[in-house]
Every structure is written in C-alpha cells, then in structure tokens.
Amino acid sequence: MSQENESVTADAEMLIECDETLDVSVASDFKALLQQVSAQDHPIVLDGSRIERVDGAALQLLAAFFLDARESGLDVAWRNPPDTLQDAAKNTGLKDILRL
C-alpha cells in the first residue's frame, strides 16, 4: 500500500492506493498506515482499483476504520472500488459502514 498527497493545500486529500490483496497477511501494516494517515486530519481517499482479493480480516479492519473516522468527523471515501470488494461488503452486511 502506498500513500501520497494529491494536493498541497490545507484541505489536501490523503490518497491510499490499496494493493491487489487485502487480507490478514497485510492487516497489521495496513492498520498502521490507516492510523498514520488519519492522524493528519485530512480527507482520505482509498483507491481500490487494484484490489483483486479481500478477506474477513481486512473487512473488519476497514469497518473499524470507517466507524472510527465517522466518530472523529474524518471524511473517508472510495475511488474505484472493485466488484470484489463491493460483493464482499454486501455479503457481510458491511456495505453501508464501508460507504460502498
């Protein structure tokens, strides 16, 4: 996963480009990245265009992140969420929480 600023303005979005696989093997690193980016208090955009596989651990992590962001007033949005992610979120009842 990589993170880059899209803009240098005070309202800059933080872009996180998700890797092909979001699963338990990357959950710890992904959690650390999400925490680091959310601490900067800028809107966050998750680019899911490369995601090919997602598992339950990643969905739980994303759900917790979106709930925390909502409570903190932090704006989080998806760019190009793949069908794989949308189907997994729908099947687990997390579609609304994950804003998909």
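Modeller: R50 has a relative accessibility of 35% and counts as partly exposed.

Biologist: What pLDDT do side-chain atom pairs need in this predicted model?

Modeller: Residues are numbered from 1 along each chain as its sequence is written, and side-chain values use heavy atoms, with hydrogens and water left out. Because the model is predicted, local features need pLDDT of at least 70, totals for chains, interfaces and linings use all residues, and side-chain atom pairs count only at pLDDT 80 or more.

Biologist: Which residues are linked with R50 in a network of salt bridges?

Modeller: D19 forms a salt bridge with R50 (a Lys or Arg side-chain nitrogen within 4 Å of an Asp or Glu carboxyl oxygen), with the closest N and O atoms 3.4 Å apart. D19 lies in the loop between β2 and β3 (21-22) and R50 in the loop between β4 and β5 (53-54), so this pair ties together parts 31 residues apart in sequence. A salt bridge at 3.3 Å, N to O, also joins R50 to E20, which lies in the loop between β2 and β3, 30 residues apart from R50. The network with R50 is therefore made by D19 and E20.

Biologist: How many residues apart in sequence are the parts that E13 and R79 tie together?

Modeller: Strands (E, at least two residues) and helices (H or I, at least four) are DSSP runs, numbered from the N terminus. The side chains of E13 and R79 meet in a salt bridge at 3.8 Å, N to O. E13 lies in the loop between β1 (2-5) and β2 and R79 in strand β6, so the separation of the linked parts is 66 residues.

Biologist: Which residue of β6 stands opposite D47?

Modeller: Two strands pair if DSSP finds at least two bridges between them. Four bridges join β4 to β6, and these strands run parallel. Opposite D47 stands R79.

Biologist: Which residues of strand β4 point the other way from I44 and L46?

Modeller: In a regular strand, side chains alternate between the two faces of the sheet. In strand β4 (residues 44-47), all four residues are buried (under 20% relative accessible area, against over 50% for exposed and in between for partly exposed; 1.4 Å probe, protein chains only). I44 and L46 point one way, and the other way point V45 and D47.

Biologist: Which residue stands opposite I44 in the pairing of β2 with β4?

Modeller: Strand β2 (residues 14-17) runs parallel to β4, joined by four bridges. Beyond its neighbours within four places in sequence, I44 is in contact (heavy atoms within 4.5 Å) with residues including V37, F65 and L74. The residue opposite I44 is M14.

Biologist: Which residues do ring pairs link into a cluster?

Modeller: Rings of Phe, Tyr and Trp (its six-membered ring) pair if their centres lie within 6.5 Å, planes under 30 degrees apart counting as stacked, over 60 as edge-to-face and the rest as tilted. The F65 and F66 rings, with centres 5.9 Å apart and planes at 85°, are therefore edge-to-face, while those of F66 and W78, at 6.0 Å and 15°, are stacked. This second pair links F66 in helix α2 (residues 56-72) to W78 in strand β6 (residues 76-79), twelve residues apart. The cluster consists of F65, F66 and W78.
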